[in-house]
Amino acid sequence: MIENLNEIIGDIKSRYELRRVSSFLEPNKYPTAINLFVSMASAVCGKEYDQTHTADIINKLVHWTYDTSVDEIDCRKGFLIRGETGRGKTLLMYALKEFVQYDSNWYIVGGKRYRLELSIASARNIAFEYAQQSEGSVIAKYSRIPCLCIDDLGSEPMLSSNYGNKCSVVSEILANRAETKLLTFATTNVARLSECYDDRIISRMYSLFNSVNLSHETDYRKIK
């Protein structure tokens, strides 16, 4: 009986460990939150943002922010947004960065409390930074950021060299973050990430990300 009770308590703790608290929104005000997200997207792109093709993902991101899961989204994971070039993946991440700063959101993992503040860095820049600085410092830096988005995942050189030492930098960062369960996001236009990363890292991605697709044909970069 005691063992069963401990299992139940452990299950409750695991499911609610990352619960986020909001003083800004009540559950019946999510349409207002979605409007706020769209206004953040408009500010990021410098013009009125058209959510015709992204409304579903915006809805998921808003509900994720306040830990009210929809459509089987796991609020303990970040998002991997897939789509061809120009579909608005990075813009959504910068809008999310602004949106989560509006309220005092936070999450807890491993007994430690982290602010929900999104840092965004491109995979290519991370790899370049590794080549320019001391070997371990870059991997440690991006492994420890509480809430990180790696933009253009798979666009970086698969092996980066640092004074003769070659390493798949982004792979190591993803593996470290999967181990510590820190919130991680990514965008990619690579159709098959298994062609860029080995099975070990692909498995870690399943534990890190809710995967969503931007499958529309509109190229936002061509819209004036």
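Q: What should I know about the numbering and the model before I start?
A: Residues are numbered from 1 along each chain as its sequence is written, and side-chain values use heavy atoms, with hydrogens and water left out. The model is predicted, so to speak: local features need pLDDT of at least 70 and side-chain atom pairs count only at pLDDT 80 or more, while totals for chains, interfaces and linings use all residues.

Q: Is Ala95 buried or exposed?
A: Buried means under 20% relative accessible area, exposed over 50%, and partly exposed in between (1.4 Å probe, protein chains only). Ala95 counts as buried because its relative accessibility is 0%.

Q: Where does Ala95 sit, and which residues is Ala95 in contact with beyond its sequence neighbours?
A: Helices are DSSP runs (H or I, at least four residues), strands likewise (E, at least two), numbered from the N terminus. Ala95 belongs to helix H4, residues 89-101. Contact means heavy atoms within 4.5 Å. Outside four places in sequence, Ala95 touches Phe37, Met40, Ala41 and Val44.

Q: How many residues does the largest nonpolar core have?
A: Such a core is a set of buried Ala, Val, Leu, Ile, Met, Phe, Trp, Tyr and Cys residues joined through side-chain atoms within 4.5 Å. The largest has 38 residues, with Phe37, Leu96, Phe99 and Phe185 making the most contacts inside it. Helix H2 (30-45) and H4 are among the elements that each supply at least two of its residues.

Q: How many disulfides are there?
A: A disulfide is a pair of cysteine sulfur atoms within 2.5 Å, and this structure holds 0.
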